[in-house]
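Here are my notes on this one, written up as numbered points. Have the model open while you read.

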Amino acid sequence: MASEPTSFKPPVTHYAVLIGICFTPKERRDEWPPLKGCIRDIQGIKTQLLKSYFNPDIQVLTASFQHPNDSHPSEDQSVLPTYRNILSSLERIASEATAGSFVYIHFTGHGTTTEPSSQFTRDTTGELALVVLAGDGSEIQYLRSSELANQMRNLVEKGLKVTVVLDCCASGRIVRGKLDPSVKYLPYDPAVDIAHPPAPGRDLWPVEEDAGPVSRAASSHLNWLINPNGYVVLTACGPTEKAMELDFGNGKFYGALSYFLIRTFIRRGSVGGKQQHIYSHIVARFREKCPEQSPMLYGNKTLSFFTDATATWHAAPIPVVKTPTGLRLEAGMAHGVSSGDLFAINADDPSADPAAASPSSLVTVKTTEIHALTSDLELLDPNTATLPSASGLTATEVTRLSLRRWPVGLEMRIPLSEAWSTALRDRSSLNICNLDGTNEAAVFLNIIILTSDHYEIRDHMGKPVPDLPATLYPLEDNAEFVLDVVERLVRFYAALELSDQLPPESTHAFRERFGAVLVDSNNANFHPIGPYGNHSALVKDGDSVELVVHNLGTTALYIHVLVMGALWDIEDLLHANHEVIPPFFSDRVEESLVRSMSGHSTEWRLKMRMSLPKKLQDKGERLCNDFIKVCLTSQPTSLMLLEQPELGEFVRLRRENRHGSVESSTSALSEDWAMLTFHVHTLRTDLWLSRYSDEGLKLITRSMRSFPMT
């Protein structure tokens, strides 16, 4: 008799730990009000996961609150969100999951802010701690972000792709008075740490100065808990804001971030999608419904949410907010937007990639009035009677007319084909003129198509641009490839010259609110490029520089740091949409008092290790240029629109894309901004030792002149 066939069980590739805590200890319940929507948050996320994936490993840890006299949650102790159960769940996944698997951690509950317990924590805002349960669930305990980061590091180092959602509050020390029960924050209580001190060895061990590989010219590795390439963290608000629960009536409450995520997944039909698109969509929802919250995105912003996606590169989508007068783009002068720029909105699914959308679902809009951080939009087609009805709209760039300030010449030494004529006509963002030898136009870049498989691009000084990617297809019909390369170069220069157009000696009030300096390893200070700025910083390969910014005003500053490298890349060194520098003195007396008593500093620091990229070392290069762009704003914004990968990586990703498978009013916040630029030369050790020789000075001077603004 034949044996019964064994059923095949596919390996688990998706793991989720869902944590929801409404419960608070009975003896402190008057001052620590329970939350109402956390269990519903977790149920909604679990439902979407089960609909989206076959055989996911989902661990649910919840603590509900049902009656004012309850001294314990109603759930069994084995599924309570205790400190021990949470860490055990993460340790089990690290032990069982195989490389390439996905991990999703969703926390919805109270947060707090503790004194920094790690060398990596910013002194300016303290350390986030999740308020979880201890023991039998009758008491609370703090799970510090450094302890959570240690668990995340174990997951990332095993090759797992980690997505973390924190729907909690870290408004910390600025919260006073009777707590709003809809705010997901509890004040820090030292007695909790005395009763349940952090377990030794749970947080991160110190990282040595030379730890971790560095493949680019500037790295902020020293300031990061773990390698940011392997994870994404989405939080409900910034470190000085409140995260809220939403009341939908009939006793239905949700955490705002959890609710908007659930609605996004329902609309998409599954849990997944590109993190940048989901984040921009979520930001737009918050701007319309909860403008007092600014969600934050940390880590590798190019990853997908709990799934794989085709590794293509497109400019980041920008949130679009509906206002009583029309549509507002959450980008302006600080992002390089100018009047007349065109953007595409995917009206059917605002959280999806417009590149994959049907043409009928795309609505084209045009910028009209440009502000510092936002722009007004109007419909391009007057026959479009109404604005898109969906909430949480996002827009992707179609044209950027400001790039036309950099004229580009084209010299064809092969016959001009119809493919070139069409591509030139469609590339309206670029100002390209044909150079046939009879006209002498002043151009910033000059394209020379030499043969069917060879081209050159020369800069404003007539020097060939080095390290251009080679074409894989005949250039007679591959115009898009060359124009993609040229547009990346022009965008780089446009970002390099981006300025708030305020002279350094300006008495503009916003300029008086901060001070910024770059400090090298010898404690020499370097000021931003400008009439009164120092000369460029010279550093040896492997040395560190530190950016120091002081908030001298009475309100928070939002800081963004981009590094523009020698490989034509523009990278966000913070791996976050921004960081916050709180003021020492506040317009509100209680905030100033609390900050001064806490000992928190308003001196914000970012240490960067400078190195000569290996790609340049292999070519025999002895130095490289880096430009550090520091943008300070008076309200939250994102500079993802300016980011771009290395030139060769960008072309590869674009090639894969083209040849692969085809109810609340918004706040009127001030839009002050400033853009500072620091110039750093990184020298190979032998050149560093001979930097004052005639040969060394000549090489360094020639390098300085290779960029127009220096």
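1. Start with the lining of the second largest cavity: by class it has eleven nonpolar, seven polar and two charged residues. (Ala, Val, Leu, Ile, Met, Phe, Trp, Tyr, Cys and Pro count as nonpolar, Asp, Glu, Lys and Arg as charged, and the others, Gly among them, as polar.) This is a predicted model, where local features need pLDDT of at least 70 and side-chain atom pairs count only at pLDDT 80 or more, while totals for chains, interfaces and linings use all residues. Numbering runs from 1 along each chain as its sequence is written, and side-chain values use heavy atoms, with hydrogens and water left out.

2. What volume does the second largest cavity have? About 200 Å³, taken as the space filled by probe spheres set on grid points that are joined across faces, edges and corners. A cavity here is a set of points on a 1 Å grid, over the protein atoms alone, where a 1.4 Å probe fits but cannot get out, and lining residues have an atom within 4 Å of a point.

3. That lining comprises 20 residues, with Tyr279, Pro319, Glu330, Thr637 and Ser638 lying nearest the centre. Helix H6 (275–289) and strand S13 (318–323) each supply at least two lining residues, and the largest share, four residues, comes from H6. Helices (H or I, at least four residues) and strands (E, at least two) are DSSP runs, numbered from the N terminus.

4. On to helix packing. H1 (residues 38–52) and H5 (residues 256–268) pack at about 20° with their axes 10 Å apart; axes are lines fitted to C-alpha atoms over the stretch in contact, and angles run from 0 to 180 degrees between N-to-C directions. The pair is therefore roughly parallel, a label for angles under 35 degrees. Asp41, Gly44, Ile45 and Gln48 of H1 touch Ser258, Ile262, Phe265 and Ile266 of H5, contact being heavy atoms within 4.5 Å.

5. H7 (residues 418–426) packs on H8 (residues 479–496) at about 35°, with the axes 9 Å apart and a right-handed crossing. Ala419, Trp420, Ala423 and Leu424 in H7 meet Ala479, Glu480, Val482 and Leu483 in H8. By class, that contact has seven nonpolar, no polar and one charged residues.

Note on methods
On a 1 Å grid over the protein atoms alone, a cavity is a set of points where a 1.4 Å probe fits but cannot get out, and a pocket is an open set with protein on both sides within 12 Å along at least five of seven lines; lining residues have an atom within 4 Å of a point. Angles under 35 degrees count as roughly parallel, over 145 as roughly antiparallel, 65 to 115 as roughly perpendicular and the rest as oblique. A crossing is left-handed if the near helix is turned anticlockwise from the far one by less than a right angle, and right-handed if clockwise.
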